[in-house]
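Subject: Handing over the structure

Hi,

As promised, here is the structure to look at. My notes on what turned up in it follow below.

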Number of protein chains: 4
Amino acid sequence: MTYFGLYALQHRGQESSGIVTSTGTSIHEYKGMGLVSEVFDERTLNRLPGRTAIGHVRYSTTGSSIAKNAQPFVVTHGNRTLAIGHNGNLTNARQLRRDLERRGSIFQTTMDSEVIVHLLARNLQAGGIEEALVTAVSQIEGAYSCTLMTEDKLIAFRDPQGFRPLCLGMLNGGYVIASETCALDLVDAQYLRDIEPGEILIIDDNGLKSLNPFPECRRSFCIFEYIYFARPDSNIYGQNVYSVRKRLGAQLAKEYPIEADFVMPFPDSGNYAALGYCQGLGIPLEMGVIRNHYVGRTFIEPTQSMRDFGVKVKLNPVRDILNQKRVVIVEDSIIRGTTSKMRIKALREAGAKEVHMVVSCPPHRYPCYYGIDFSTKGELIACQHSVGEVQSYIGLDSLGYLSLSGMLDSTGYENDAFCLACFNGKYPVKPPDDISKLCLEQ
Amino acid sequence: MTYFGLYALQHRGQESSGIVTSTGTSIHEYKGMGLVSEVFDERTLNRLPGRTAIGHVRYSTTGSSIAKNAQPFVVTHGNRTLAIGHNGNLTNARQLRRDLERRGSIFQTTMDSEVIVHLLARNLQAGGIEEALVTAVSQIEGAYSCTLMTEDKLIAFRDPQGFRPLCLGMLNGGYVIASETCALDLVDAQYLRDIEPGEILIIDDNGLKSLNPFPECRRSFCIFEYIYFARPDSNIYGQNVYSVRKRLGAQLAKEYPIEADFVMPFPDSGNYAALGYCQGLGIPLEMGVIRNHYVGRTFIEPTQSMRDFGVKVKLNPVRDILNQKRVVIVEDSIIRGTTSKMRIKALREAGAKEVHMVVSCPPHRYPCYYGIDFSTKGELIACQHSVGEVQSYIGLDSLGYLSLSGMLDSTGYENDAFCLACFNGKYPVKPPDDISKLCLEQ
Amino acid sequence: MTYFGLYALQHRGQESSGIVTSTGTSIHEYKGMGLVSEVFDERTLNRLPGRTAIGHVRYSTTGSSIAKNAQPFVVTHGNRTLAIGHNGNLTNARQLRRDLERRGSIFQTTMDSEVIVHLLARNLQAGGIEEALVTAVSQIEGAYSCTLMTEDKLIAFRDPQGFRPLCLGMLNGGYVIASETCALDLVDAQYLRDIEPGEILIIDDNGLKSLNPFPECRRSFCIFEYIYFARPDSNIYGQNVYSVRKRLGAQLAKEYPIEADFVMPFPDSGNYAALGYCQGLGIPLEMGVIRNHYVGRTFIEPTQSMRDFGVKVKLNPVRDILNQKRVVIVEDSIIRGTTSKMRIKALREAGAKEVHMVVSCPPHRYPCYYGIDFSTKGELIACQHSVGEVQSYIGLDSLGYLSLSGMLDSTGYENDAFCLACFNGKYPVKPPDDISKLCLEQ
Amino acid sequence: MTYFGLYALQHRGQESSGIVTSTGTSIHEYKGMGLVSEVFDERTLNRLPGRTAIGHVRYSTTGSSIAKNAQPFVVTHGNRTLAIGHNGNLTNARQLRRDLERRGSIFQTTMDSEVIVHLLARNLQAGGIEEALVTAVSQIEGAYSCTLMTEDKLIAFRDPQGFRPLCLGMLNGGYVIASETCALDLVDAQYLRDIEPGEILIIDDNGLKSLNPFPECRRSFCIFEYIYFARPDSNIYGQNVYSVRKRLGAQLAKEYPIEADFVMPFPDSGNYAALGYCQGLGIPLEMGVIRNHYVGRTFIEPTQSMRDFGVKVKLNPVRDILNQKRVVIVEDSIIRGTTSKMRIKALREAGAKEVHMVVSCPPHRYPCYYGIDFSTKGELIACQHSVGEVQSYIGLDSLGYLSLSGMLDSTGYENDAFCLACFNGKYPVKPPDDISKLCLEQ
C-alpha cells in the first residue's frame, strides 16, 4: 500500500525512492536512486514485512543527489531504530548541525533532515519519545511535513506555518498519512482531515494522540502547490487543485482576453488553467504540441544535461494544427524562461503566425527556502527583468501574468493564508543566514 | 540521431530497444530489454561509432519477450554482417522456417524476422545483394516495413500492400528512414516521401536506388494506425494523424450527439477525437481523470500482471469535477473491454451521474495478423457480443461505435486503400495456416 | 554434480563457465564469463532442473573471449535442441565454415565448435542422430573431446588421434563423462575407462552404445597434458600425472645434477618434478617464493595486461631463505621466457648467489594447433633461440632442458603414442592452411 | 600502490575491500564486498585520485558481514573528513558505545572501530588532532593496529601491548604503513621499522612525528601470527615467519619423531613446518593431496555453508601416492577438528595405511578477544577434550602437539613477549564483560 501511495506521489520527487517497514519489533528498509517503478519490484517488496510502513520520494533541494541521501532515513540508536521521511526544507539546519557537531555528533549525510534525528537522539536520553519530539521540533525552523516511525509508533508532524500539505486518512480501521489526497484515493483510503500546522500526531496501539506544542501563528501555505506542484486530483488546504487551477485560468481570461484561433497548454503544465481560460473566452482548445510520454518532467530533474535533452525530445509541435494560426499558450509559471523560449521558437518554426502567453500566477521574483527548488539551480528571469523584457526574451507577441490579487481571489481563501514569498519577497520564516543575497536586496 | 529517432517512436514498442551502427567496415551493436531511456546512456552510445545506423523498438507480437529477440537482429555470414529491423508480421514465417531447417539452417531466435535473414543468406551465395533481396522478399508474405544494414549499405523495404508506414527523410545531405514522420521532426530531418509499398530502396555511396520487383497490387494500409497506433503529430499515408482523429470525432458528433455536461477522454487514448467531438457539439471538455505520468501505456505491455497494475494506478478520477455530472467519454477503440469496465466503475464511484461512451471506430471483431497485437493476448469483446451487450458489460448509459463508412470518410482516402480486416474479416493477405479459427469461422 | 565436476576441471579453462541440463523433455542453460564460482550460485543452479547435464569451462584458443562464445553451445533446430561442449581445436573449421556458409548456414559465434553442430543439423534431415553423428564427425579434423546432449541422450566422442583426454565413470548406476579423472574423484564417481580415440559413445535409457566409425590410426596423445596442463591428481592415458612428473624430475636429476644449497619450484608449475629432482639428488627442497593464493594462473589468462599484473603480484621471494644461496629452479616448461626472466631477476634481488634452472621437457619450438594456446599469444623463445641464448636472456647461471628420449622414457609409454609436434614439428594432423608459417618453415 | 599492498595482505581478510584517498583537500572512497580483485578494477581505481591513501581488507570478527561494515570507515565531521582502517578487536567497545549513545551519538555501523571515530570527534572540539588522538586512544582497550587519514595527515597507531603487527616503510622519499612486510616487498618499499606498541605516528608535510602517551607495559605479541596468520614471506616482530615455522617443524621432529614413508602438509597450512619436520628427520616430503587453486581459504570464510563446500572441493588425495603408505601430516593448528577429520577420512579412503599428525603449536583451549576469530564461530575442540580424545575424533594413528616451551624456544624471543592466552588462558587485557564464560571457567 505504501508502494502504491508513493506511485501516486511520484510527481513530488523523482530522484530516489524508499520504503521502511516495521513488524512491531524489527525495522526493514529498501531504498534506491530512481522512480518508484525502477527501485521496487515484487522481490524487493517481499523483503519488506511489517504492519506499519513509511515511504518517501525525494526531490533534492538540499544535500547531494546521491544514494546515501535517499529517504526514509534510518538510524539505530541505543536499542531503538528510528526512520524519518521529510518533505520541506529546514532554514536553520546548517547552524543546528554545526552546534551538534561541536558537541560530538557525527553526521552520515548532507541532508537537513538528519538534524531532526540527532536532536531526537540527544533528547531521548532524558525522557520518552513525546518529550524528545516536542524538544526537537521546537528547535527546528522552516518547512517540514514529516513522518517518523519507531518499531511501535507512526508519527506525523508539520511545521506551525503549514508550508507543505500533509493529510490523514483511514483505511480498514487503520490510519494513513500522505502529502496529498491523491495517494489516499489510489489506495481507497478515506480522507479524514489535514494534519494541522504545528501538530504532532502519534499513532500506536492506543490509537491517535495529538500534541500541539506551538503557540498559534499565522498560516503560510505554499500557494505554488496550487499553481504547479500538487496533483490536480488532490485536495490541498481544503480545495480541489484542478478547480483552483481552472479558476486561475478563468481569472486570466478576464485580465488578459486575447483574440486567437485557439488556446493550448504545454502539456501538462498549464492544462487546467487552459481549460478555464478557453471556456472563459469561448475559444477552442487544441493540442498544438504532442507530448512524448516516455520522457519525464522537466522542472524536477537534477542535472542540466538531462533537462536540455528533455526539452528537445519531450514536446513535438503539430505543423498541420499550428500552421498560420494565432495561438495563446496558457502556462502555469515561468521560472528561468529558457524552456519557454525554446518551445516558442519551435512553435514558430512549425508555422504559428502569432504566439501569446498568459501565466496563471504573478512573476516569480524571489527564491524559495521552504522546499521548492527554483532558488539555486536557475536564475529567476523575472527577478532581474521586466515583463516586457521577459516577453521579448521568450519571443512572444504578448505576455500576461495573473495579478497577485486575481490569484488570491481564485484560491477561495483568505489572503493571509499563504506564503507569497516567491512573488513578494515577504518570508514568513527567516531564510538561512548565509544564502546569496542577490535577489533579496533588490 | 538514431537514439533520438527511437525516442520519438517509443510508442511503437516498449519491450526492447537496440541500435546497430556501421563505420563502413565494422558493425557495432547494443541492445537491451526496456525503453530507449533505460537501455541507452552516454556510455553505451559512445560505444557505437559509425556513419550509418539502424535502430528498433520492439513490441512482441511473435517470438517471446526475451533479450535474444531484441532487434535489430545481427548476423555475420561469410565475411558480411547484416543487421535487420522489422516492423510487422510475416504470415508464412512458420512454413518458411520449417523449410529452411529441413535444408540445414539453424535459427537463433523464435522471431519471424529471422527468416528474412536466412533467405537472404541462402541467396547471397548465388549473386549480389540486390538479387538476393528480390529473391528473399518474393518469398515472404504479410506485413513488413524493414530496414537492413550491411557494412556499406542502408536498405529499406516494404511489403506490396503497405500495411505499416515507412518514410524517407533527408538531413544534412544524408537520408533518414523512419516508421513515422514524428521521428524525422525530432531530428530536424525533412520529409521527402514514403517508401512505396513493394519498394526496395538501397542507399549507399552512389546515392539512392529503388527496386520495384512486385506487380502492382491493391493497397492495404492499416487504418488502426490512424485510429490508435501512430503518434498524432505524424503524417501517415499522406494525412496528419491528429487531423484525421479530430475528423473521426466530428463524425461521431454527427452520428451520436449526446446531451451531457462535459466531454472527456481517457488520456491519452481518445484525446483528439474528443476535441473533434466536443467542438462539433459545443459541449465543454474536461479532464475528468488525471493521468499519472510515471506509469506506461496499457495496451502495449506484455504481461497480464503489469497491465492490471497499470489500470489501477494510472488514471485517478477527479471527484470535484465528476460529481453529479453527465459525462461522455470519447474512446479510440474497445478491445477486451475490461479496462473500460474498471474505469467506468471508478467514474461512477467518483460521483458521475450518467456515463456515455462514443468510440471513434467500428467494433473490433477479427484478429490482426499484420502486426497489431489484439489477436492472441485478449479476446475481442465485440467478436462474440453485440453492441448492447458490450454497453451493459462495461456499465455505460449508452455506447456508440462510429460507422465503417463514417470512419472511411473521415480519412480523406479512397475506401479501398485500407486493410479493414479487424472490422470486417476480409484479410488482404492469407493468414497463417495454423491459427485458431475461433473468430474467423463465425 | 556437474557444478562440482567443473570446479575440479577449472584449471582447463577460466574464461567462461556453463551448464546445460535436460529434464528429458526440455533443455535449460546458464552460462557466464568467469570462473565456476563466479558464474554459479545456489539461485542459478536451482534454475537448472534435469536428469542429465553437461558443463564446460572455456579457455579461448579460437574465437573471441566474449560471452556469446561460452559453452556448452545450445541450438534449437526443428523440434530438437542440441547442446555441445568441446575441448580441443578443429584444424579444418575455417574451411568447413566457409562451405556451410556458401550453402546458406548462418553462424552465431566465431567458435570452431559451432561447425560440428551445423554439420549435425544438415545430416539430421536425412536420418537419425547416430548416422548424423558419424557423417558429421567424419568431416571434422583436429582435436576434439566432446560431450553432446539432446533431450534424451548424452553423447561423448573423441578424435581418432585422442589428442585430449576424455574418460567415463559411473556413479549410483549412472554414467559420468569428464576430461580428467580428478572430476570423477570429486563427485565420488568410479573410473571405468577412457573414451577411446575415435569412439562415439551414446548414453540413453537403453544404456551405453559405442560406435567406432574410424579406421584404426596412430595415437597422438598430447604429452603436454602430462608435463603441465592436467591436474597432478588425475590419471591421464592410464598413468598418474603426479607420478609421471616426479619421474620427469628424477630423469632431470640424472641428466643435469647440480651442486646447490636447495631446490625450489615456482609454485605450482614445477612442484612435482621438483620433488623428483630433489629426492634424486638428495638436496633439500625449499619454498623460495611464496605464492599469493588470491591471484589466478598466469599461463591461461587471455589479455596481456592481466598477465603482467599477475607476474608482479603472484610470487614473492623470501629474502631470509634465498640470501647468499645457490638455488636450482625446477620448471615444467619455458614458453616465452618473459615470466621466467622477471622471476629470476626477483630472486637475485632477494640475494640468491647462483640461480640454475632445469626444465622437465625439451625446448618448445613449434606452435600447437590442437588446443594448447602457445601458438598465437606469444612467441616461443626456443623457436628462434639456442639454449645458451635462452639461458642468457632469462639470466641463469645454467639451464638444462630434459632430453626428448628422457621425457618419453619417463612416461612409461611407447614412444609413438604421443603428439610431440611442439617439440619436433611433426604434426600428426595437417595444421590449418592459412596460419602464419614463421616457425614451421625454419 | 595501496591496491597492490592490499593484494599482498589479502590473506588477512577476504570479506570486503576498500581504499580511501586524499588529494590534500578532498577525500575519495571506494569499497565493496569481496576480494581486492573483485572490488577494484581500472575504472574504480581511476576514480580515486590523491597523494595519500589508506586501504583495508576486512575479516569480520565483530559487526556483521555487510557492505556498511566495509573499511576504511569514513566520516565527515565539521569541515573535517576522517578515514580509519582498524586491525584487531577492542575489548571495551560495547561499553564505550553505550556511553556515547547515552550522550547523543548516533552510530552508523555495528563495528567496534566506529567507537574510535566518535571518541575522536568528541575530543576534536577541545583541541587539535594530536590531543584528540591521545585522549581517544587512552579510552580504548584491546587490540588495535590502525591507520587514520585526514585530508592532510596520515596517522598510524598501535595498542600498547602490540597484539597485531604494524610496520613502517619508505618508498621514493614517502612513507608506507602496512600490517606485514610482504606488502612493502610487493611495492618495492624499504622496511624501516615497526610502529612501536603504544606509538602514535603522524605523517604530514612536516615529516614524521611520534607520540608515546602510554606508560611502558609488557608486550603481548600474538604468537598465532607466526604459527598461522601472517604470510611466510613477512618479517613479524623482527623475525622471518617462514624461518620461525621451519624451526617449529624442526622442534616437532625432536619432540615427535615418527617412522613413516613420507611427510605431507595439507597445503598450504603446514607447508613450512613440514619442511622443517621432514628435513629434521630425513623423511621425504610428498604432496599427498592436491589443492584446487580456484577455491579460497577455509579458515577465514564467514558462513558455514561456504566452509563445508570448501572442504569438499579444495583438496583431492592422490591415490597413487598414498596407497599403502605410512604418512605424517604436519599441521599448524587444530581449531574445531572437523576439517581435519574429513581430510583424514579422505586420506584413508585413498589407501593410506597409517596416518599420524603433528601440530606446530600446543592445543588451543581458550578463545581470542584480540582479533583472531576462533572464539565465536566454532568450539575449540581442545577446550573440552584431551589429546587422546582429539586423536580419536579426527581418526589418527597418533597425534602430537608441540610443547609450549618448544614453541617459545622456536620463536627466538623472550618468553614474556607473547600473548599466549589461546593456549594458557592468561589474558593480558581484560576480555569483554559479557562474553559467554564457558571455557574461561573450566
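How many residue pairs are in polar contact between chain B and chain C (both at pLDDT 80 or more)? The count is eight, where a polar contact is a pair of N or O atoms within 3.5 Å; within protein, one must be able to donate a hydrogen and the other to accept it, and residues adjacent in sequence count only if both atoms are side-chain atoms.

Before going further, some ground rules. This is a predicted model: local features need pLDDT of at least 70, side-chain atom pairs count only at pLDDT 80 or more, and totals for chains, interfaces and linings use all residues. Residues are numbered from 1 along each chain as its sequence is written, chains are lettered from A and ligands numbered from 1 in the order in which they are written, and side-chain values use heavy atoms, with hydrogens and water left out.

Back to chains B and C. Here 17 residues of chain B are in contact with 17 residues of chain C (contact means heavy atoms within 4.5 Å). Between them the two chains bury about 1,500 Å², with 48% of it on carbon and sulfur atoms; buried area is the accessible area (1.4 Å probe) that two parts lose on being put together, summed over both. Three residues, Glu101(B), Ile106(B) and Gln108(B), supply 36% of the area that chain B buries against chain C, more than any other three. There are zero salt bridges between chain B and chain C, a salt bridge being a side-chain nitrogen of Lys or Arg within 4 Å of a carboxyl oxygen of Asp or Glu.

Strand S4 (73-77), helix H4 (93-102) and helix H5 (113-124) of chain B each give two or more residues to the side that touches chain C, and H5(B) has the largest share with four residues. (Helices, H or I with at least four residues, and strands, E with at least two, are DSSP runs numbered from the N terminus.)

How are the two copies related?

Now for chains A and B. In this interface, 44 residues of chain A are in contact with 44 residues of chain B, and the buried area is about 3,800 Å², of which carbon and sulfur atoms give 57%. Two salt bridges are counted between these chains; in a salt bridge between Lys246(A) and Glu286(B), the side chains meet at 2.2 Å, N to O. There are also 16 residue pairs in polar contact across this interface (both at pLDDT 80 or more).

Last, confidence. The model scores ipTM 0.87 and pTM 0.81. Chain A has a mean pLDDT of 89, and 91% of its residues reach 70 or more (pLDDT is the predictor's confidence in each residue, from 0 to 100). Over residues 296-309 of chain A the pLDDT is below 50, though this stretch has 34 contacts in the model beyond near neighbours in sequence. Where pLDDT is low, the predicted coordinates should not be read in detail.

Cheers
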